[in-house]
Every structure is written in C-alpha cells, then in structure tokens.
Amino acid sequence: MSGDALSGRAPRPGRQCLVRAACPFVWPSQIYLRFLDYQMEHSNECKRNFVAVYDGSSAIENLKAKFCSTVANDVMLKTGVGVIRMWADEGSRLSRFRMLFTSFVERK
C-alpha cells in the first residue's frame, strides 16, 4: 500500500495539521516515509514550528523524528501506523510538507 499526503499551507495559529498513515491489511508491516517537499518558516524556533513523526501513536514516547530545520529526512516506522503532526505559529503561514508513504512486510 502506498500514497501521498500534502499538508497544504500551515494551519491557523494555535492549530495543528495531523496525518495518519496506516496499513491495516497486513501485519506486521512497516511504513517508509519520504518527504518530497518540505518548507518550514522560522525553522530555528523548534518549539513553535516543526513537523513531528510518531511510530504507533502520537504519545511522546513514540516520537521517531522531529524536523524544524530546512531538511526533513526519510523515516522508517516499525509499527505499521504513523502519525505526522505539523505545528506552525502565526508567523509561519507558508510552512508546508508533502510526503510519500509506502508500507511493506519484511521477508525473512
């Protein structure tokens, strides 16, 4: 299973953009995420402008990667469920991302 997701422009101040990627058909599956387009305005302010990737759920202990600079690297998720959260403050309205996700089962 594969697909893509686009955040659109940054959410309104005080709001977030959430994307959930899951492979419910095959267990255990993994998900590979690749950011095709990524722009984070005011990227030096990590507490207020970021994209976070969680493996399984959006609980803090499942945080796999957090991007707040000018580059978003590829991410491998082991649980078959990923949550991508974008937060941008009022001065970062042009922040956005576009990603491709692919799920697969590793053969042994």
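Mentor: Rings of Phe, Tyr and Trp (its six-membered ring) pair if their centres lie within 6.5 Å; planes under 30 degrees apart count as stacked, over 60 as edge-to-face and the rest as tilted. The structure holds three aromatic pairs by that rule.

Trainee: Before the details, what kind of model is this, and what pLDDT do local features need?

Mentor: It is a predicted model, where local features need pLDDT of at least 70 and side-chain atom pairs count only at pLDDT 80 or more, while totals for chains, interfaces and linings use all residues. Residues are numbered from 1 along each chain as its sequence is written, and side-chain values use heavy atoms, with hydrogens and water left out.

Trainee: Back to the three aromatic pairs. How are phenylalanine 35 and phenylalanine 67 arranged?

Mentor: Their ring centres are 5.6 Å apart and the planes sit at 75°, so that pair is edge-to-face. Phenylalanine 35 is in strand β3 and phenylalanine 67 in strand β5, so the pair ties together parts 32 residues apart in sequence. Strands here are DSSP runs (E, at least two residues), numbered from the N terminus.

Trainee: Is phenylalanine 35 buried or exposed?

Mentor: Phenylalanine 35 is buried, at a relative accessible area of 9%, and phenylalanine 67 is buried at 8%. Buried means under 20% relative accessible area, exposed over 50%, and partly exposed in between (1.4 Å probe, protein chains only).

Trainee: And which pair does phenylalanine 35 form with phenylalanine 97?

Mentor: An edge-to-face one, 5.9 Å centre to centre with 70° between the planes. Phenylalanine 97 lies in strand β8 (residues 96-104) and phenylalanine 35 in β3, so this pair ties together parts 62 residues apart in sequence. Phe35, Tyr38, Phe67 and Phe97 form one aromatic cluster.

Trainee: Where does lysine 66 lie relative to phenylalanine 50?

Mentor: Lysine 66 lies over the face of phenylalanine 50, at 4.4 Å from the ring centre. The rule asks for NZ of Lys or CZ of Arg within 6 Å of the ring centre and within 35 degrees of the ring normal.

Trainee: Now the core. How many residues has the largest one?

Mentor: The largest nonpolar core has 21 residues, and Leu33, Val53 and Phe97 have the most contacts inside it. β2 (16-22), β3, β4, β5, β6, β7 (81-87) and β8 each give it two or more residues. β3 supplies the largest share, four residues. A second, separate core of five residues includes Ala52, Tyr54, Cys68 and Val83. A nonpolar core is a set of buried Ala, Val, Leu, Ile, Met, Phe, Trp, Tyr and Cys residues joined through side-chain atoms within 4.5 Å.

Trainee: How many disulfides does the count come to?

Mentor: One disulfide, where the rule is a pair of cysteine sulfur atoms within 2.5 Å. Cysteine 46 and cysteine 68 form it, with their sulfur atoms 1.5 Å apart. Cysteine 46 is in the loop between β3 and β4 (50-55) and cysteine 68 in the loop between β5 (63-67) and β6 (75-77), so the pair ties together parts 22 residues apart in sequence. Cysteine 46 is partly exposed at 29%, whereas cysteine 68 counts as buried at 12% relative accessibility.

Trainee: Last one: where does glutamine 30 lie?

Mentor: In strand β3 (residues 30-39), where glutamine 30 counts as buried at 10% relative accessibility. Leaving aside neighbours within four places in sequence, glutamine 30 is in contact (heavy atoms within 4.5 Å) with residues including Met76, Lys78, Thr102 and Glu106.
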